[in-house]
Amino acid sequence: MSECRINNRIRSRAQELVHKAVREISEKRKDKINLVWIEATGCSGNIISFLNADAPSFNYFITQVVNFRYTNSLMLAQGAEAFEEFTEVIKEDFIMIVDGAVTTKDNGAYTYSAYYDGSLISAADKVALAGANARYILAVGACAVSGGVSAAAPNPSGCMSVQQFLKNRRVINLPGCPCHPDWVMGTIANLILYGEPELDDFNRPKMFYGNLIHDYCERRSFFENRIFAESVGQEGCMFKLGCRGPVTRTDCPTRRWNDRVNWPVGDNTPCIGCAQVGFPDLMEPFVRME
Ligand code: SF4
């Protein structure tokens with residue numbers, strides 16, 4: 001198969017899954033599933049990235065594929081009303097997304113997420129409550145997957161990944177800082193259609209995290225011909241500037257970001273390995289200038 005066709009197949013995988021899920025739901029062979037999105041300790045980047053979905057769009061996804069019942073970042077309900085919706089939906093069938101690390105020090109006091117009946121509810125409390133009942137659990141973004149920036153040394157608030165926190169549950173990991181909206185939508189559509197997608201040894205769906213960035217990078221021929229950029233902005237492979245493409249598994253070069261306009265290497269920035277295990281501590285320095 002030609003490289004162009006392979007690229008097209010990688011790029012369109014999420015769209016195909018979502019459209020098939022919509023068809024199956026509209027013909028009543030599958031059901032929409034409730035979605036609970038808990039923003040724990042992070043920067044809101046993953047939900048902003050999700051809002052930025054273009055094809056399919058955020059609105060299309062939350063009206064055609066899921067019942068987006070709870071999100072502490074976006075929902076209009078506030079206070080007790082919002083928390084009561086949370087306690088109701090987690091008695092039903094649902095997928096839980098956690099975005100952000102789980103802070104555990106001082107009983108989770110560094111991220112409170114609700115106030116109900118005179119008690120403060122931490123994000124850790126919510127993840128534990130919903131995590132006990134969720135049909136599937138998705139960790140979305142670097143912080144939820146491996147602690148990320150929230151757990152960077154010296155990790156003063158005791159942040160940990162969702163899998164470390166929910167030791168007895170299987171967590172599907174969707175790393176990235178932020179996570180691409182296609183990776184979230186495609187994985188949920190796959191769960192509705194077929195159940196769990198094929199995962200790698202870090203529980204990442206192989207359909208999105210199966211290839212090294214380096215293998216699909218448009219600057220690969222520079223690498224093979226040993227033409228290296230000496231500073232950011234120069235033409236050439238950015239390996240000597242510390243590009244983490246050779247160790248990072250995502251489909252960024254083919255999928256691209258922000259309505260498929262561009263991606264870091266395409267904009268003269270080395271890959272910083274934001275979807276790689278151990279980001280950011282193990283990926284530093286992000287750019288090597290000697
Ligand atoms: S720019 Fe980075 S990802 Fe692209 S070929 Fe060079 S080292 Fe690999």
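1. The model is a predicted one, and its protein chain is divided into domain 1 (3–207) and domain 2 (213–283). The centres of domain 1 and domain 2, taken over C-alpha atoms, are separated by 26 Å, and the contact takes 17 residues from domain 1 and 14 residues from domain 2.

2. On the side of domain 1 that touches domain 2, the elements giving two or more residues are α1 (3–26) and α7 (142–146), with α1 providing the largest share, three residues.

3. UniProt, in an unreviewed entry, lists residues 209–286 as "domain: Cytochrome-c3 hydrogenase C-terminal". In the model, residues 209–286 are 18% helix and 0% strand, and the end C-alpha atoms of this stretch lie 21 Å apart.

4. There are 14 residues around the ligand, of which His-214, Cys-217, Cys-237, Cys-243 and Gly-245 come nearest. Both α11 (213–216) and α12 (220–224) supply at least two residues each to this shell, whose residues divide into 10 nonpolar, two polar and two charged.

5. Just after α9, Gly-195 takes a positive phi of about 90°.

6. Most peptide bonds are trans, and most residues other than glycine have a negative phi, which is the background to this point and the next. A cis peptide bond joins Cys-177 and Pro-178, with omega about 5°, and Pro-178 is found in the loop between β9 (171–174) and α9. Another cis peptide bond, also with omega about 5°, joins Phe-279 and Pro-280, where Pro-280 belongs to the segment after α13 (252–255).

7. Ser-44, in the loop between β1 (33–39) and α2 (45–51), has a positive phi near 75° although it is not glycine. Because Ser-44 has 14 C-beta neighbours inside 10 Å, it counts as partly exposed. Asp-106, which lies in helix α5 (residues 105–108), likewise has a positive phi, of about 55°. With 10 C-beta neighbours inside 10 Å, Asp-106 counts as exposed, the cut-off for that class being 12 or fewer.

Methods. Residues are numbered from 1 along each chain as its sequence is written. This is a predicted model: local features need pLDDT of at least 70, side-chain atom pairs count only at pLDDT 80 or more; totals for chains, interfaces and linings use all residues. A residue is near a molecule or strand if its C-beta atom, placed from the backbone, lies within 6 Å of it. Helices (H or I, at least four residues) and strands (E, at least two) are DSSP runs, numbered from the N terminus. Ala, Val, Leu, Ile, Met, Phe, Trp, Tyr, Cys and Pro count as nonpolar, Asp, Glu, Lys and Arg as charged, and the others, Gly among them, as polar. Domain bounds come from an automatic or database domain assignment. Two residues are in contact if their C-beta atoms, placed from the backbone, lie within 7 Å. UniProt positions are given in the numbering used here, feature names are shortened, and annotations may be inferred rather than shown by experiment. A residue is buried if 20 or more other C-beta atoms lie within 10 Å of its own, exposed if 12 or fewer, and partly exposed in between; C-beta atoms are placed from the backbone.
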